[in-house]
Amino acid sequence: MSASKSRDVTLVEAVNMALAWEMEHDESVVVLGEDIATNGGVFRATAGLKDRFGFKRVMDTPLAENLIAGTAIGMATQGLKPVAEFQFMGFIYSAMEQIVSHASRMRNRTRGRLHCPLVYRAPFGGGIHAPEHHSESTEALFAHIPGLRVVIPSSPQRAYGLLLAAIRNPDPVIFLEPKRIYRAVTQSVENNGDALPLDTCFTLREGSDLTLISWGASIMETLEAADLLAEQSVSCEVIDVGTISPLDRETLLCSVTKTGRAVIVHEACRNGGVSAEIAASIAEGAYLELKAPVIRVTGYDTVMPYYRNEQAYLPQVEDIVEAAKRVIAL
Amino acid sequence: MKHFKLPDLGEGLPEAEIVEWHVKVGDTVAVDQVLVSVETAKAIVEVPSPEAGTVAKLFGEPGDIIHTGEPLMAYEGEGDDSGTVVGELKKDDSETRTDTFIIGAAESSKRARANRSSVRTRSLPKAEPLRGTRRTMAKNMAASHAQVVPVSIFEDVDVGDWKSGTDITMRLVQGIAAACETSPVMNSWFDGESLSRRLKDEVHVGIAVDTPEGLFVPVLRDVNHRTMVDLRKGLKNLREAVATRKIPPAEMQGATITLSNFGTMTGQYANPIVSPPQVAIVGAGAIREKVVPYHGKPAVRRILPLSITFDHRAVTGGEASRFLGALIAALEAA
């Protein structure tokens, strides 16, 4: 195996690369999910793993999300490190009982005797012309549950580093993959097993006038908006939150203390979204540094529409630019 | 195999029925060559080949329904195995990029956070450190407050019989000396650590003087054994020394009891602070005319309000009260 080789990969290929690296280096890592073994997964995230590591470590499951989640918990408490895939985030709700009532609290319930080092992967978000139940972003549901980490990569490099960290984390991690950008960017990623921190935001662009805060696929529109704003002499700092729970408030506060302005962008609907938690944290920690109210650019408080209307639902580049101009004008 | 999926044939029609295949497996096809005729809800549409290649597989027979996005046929060769029939993923059409990002906050952001003013001092002027006598006052007052158990008594003194031009401070100093003979414990030093006291033979009166620089308490020494003339001279010297700020530190040490004559300014009664190891302080307010009973009838008299504070650890209420009585008696004498 030629380790530590740099490869040009998309985000979904980086997921595959991280899974393969960790399975190669840690025999306790197993993967399971619907059509992930023989078929290689609906998005190819697990392609080739069964051939390489065998059916005992790469398992096809029945179409039963509650079973997938519960089986992973059993494996995790008994010494394995399962990485379970939910085919789409929209299918995850029948597994909530296992995730919320058992995985998240296993360490606490057993007073530390058992823990639950598992990863639940799920593609999430809209924008790929998919049918119902395939497009929503309900990350806030999980961010609200103590005992879960909720991690959302937004580039191949961060997908690789964060997934490795998620697998190595001793407690359950919800790993949400923005499928809209699964293949949108190709990056050169060093396949060296280096993990990224699971509790830290990433500053993608340094700027001084305004902090744009986002995560997941919306990072693409946010970066594009930052480019457009730069042409109009508005210097934007762009922060990829990365891990939405636990939230790295310190990085966000540092940036907003500097810029005095923040626009938070996410695809999920607004009400009770993670942006509300971030806005509240900024108000608590940097109120006196704020020059304008914190503005949110989000999806609407509706069911994610069918695909003909999904672009109307998703935050667009111009929406972010318009919000940025509003806070700059204040 | 490379899959060719049934494209959107317009107007969002979700499906089409295969009418007739125009190619078969193994055929070589050119770009735009018609592959198949399908019937939608609107019309029969001929679907052209998007690329040149060899037909590897046909999905469906005439009469089968194919949904938009489902595989229609396959070309030979290696496909871009996107794997899903659910949705379409945007593909990268640009060159490979390298990812550059900062883990956590940018240095400029960290500096901004570190340098921000704290909530409480924002928009307030910069704090000015206390120096000299003000600093000493702050320390002494805090030390006193931390140790002493203060009790105050207030009383009015009828000074209506005083001759005009009477030096009020002089009278107060003399009165204190006389009162200390009645209640010697008021003229003592008390040690709260060892719970011991030293009764003092001499009465050294600290005289609180207000200055722009702060509170000065020079000491007028041995007031009970000195002549009136001598005391007057001593008091005059102290006042001058304070006014010119030429008083040596030694002149402000060793008081056995203190007088705060705030009556030279405004105010009647106060709770003056006992300065350890002393156990008592006398406060004299501003003299004013008041209607009071005088020999059984209302009369307008000049009244001097007195406050005394004593440390109840060392002095009893009775001792303090008798001290006050003796002081009043000394003052009321013409």
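Which order do the 4 strands of the open sheet with β5 and β7 of chain B take?

1. The order is β5-β4-β2-β7 in chain B, and the pairing is antiparallel. This is a predicted model. β5 (44-48) and β7 (65-67) of chain B stand at the edges. Each has a single partner strand, so one side of each is left without a neighbour in the sheet. From one strand to the next, the twist averages 45°.

2. Inside that sheet, look at β2 (residues 15-21) and β4 (residues 34-39) of chain B. These strands run antiparallel and are joined by 4 bridges. For a residue-level check, E20(B) stands opposite S37(B) in β4(B).

3. Chain B also has an open sheet of 4 strands in the order β1-β8-β6-β3, again with antiparallel pairing. Its edge strands are β1 (2-5) and β3 (28-29) of chain B, each of which pairs on one side only. β3(B) meets β6 (residues 53-58) of chain B over 2 bridges, in the antiparallel sense. Here T28(B) stands opposite T54(B) in β6(B).

4. Next, helix α2 (residues 132-147) of chain B. Is α2(B) largely in the open or buried? The number of buried residues among its 16 is 0, so α2(B) lies largely in the open. At 1.5 Å a residue, the 16 residues of α2(B) should span 22 Å. The end C-alpha atoms are 23 Å apart, which agrees.

5. Chain A has 12 helices and 14 strands. Of its 330 residues, 57% are buried. Take the contacts in chain A with a separation of 6 or more: 81% of them come from residues 24 or more positions apart.

6. Now the contact between the chains. Chain A gives 41 residues and chain B gives 30 residues. On the chain A side, the elements that give two or more residues are α7 (156-168), β8 (187-191), β9 (202-205) and α9 (249-259). α9(A) supplies the largest share of that side, 6 residues. By type, the chain A side divides into 16 nonpolar, 15 polar and 10 charged residues.

7. Strand pairing also crosses between the chains. β9(A) and β9 (residues 102-103) of chain B are joined by 2 bridges and run antiparallel. F202(A) stands opposite I103(B) in β9(B). β9(A) is also one of the elements that give two or more residues to the side of chain A that touches chain B.

Definitions and conventions:
Residues are numbered from 1 along each chain as its sequence is written. Chains are lettered from A and ligands numbered from 1 in the order in which they are written. This is a predicted model: local features need pLDDT of at least 70, side-chain atom pairs count only at pLDDT 80 or more; totals for chains, interfaces and linings use all residues. The expected span of a helix is 1.5 Å times one less than its number of residues. A residue is buried if 20 or more other C-beta atoms lie within 10 Å of its own, exposed if 12 or fewer, and partly exposed in between; C-beta atoms are placed from the backbone. Two residues are in contact if their C-beta atoms, placed from the backbone, lie within 7 Å. Ala, Val, Leu, Ile, Met, Phe, Trp, Tyr, Cys and Pro count as nonpolar, Asp, Glu, Lys and Arg as charged, and the others, Gly among them, as polar. Two strands pair if DSSP finds at least two bridges between them. Axes are lines fitted to C-alpha atoms, for helices over the stretch in contact, and angles run from 0 to 180 degrees between N-to-C directions.
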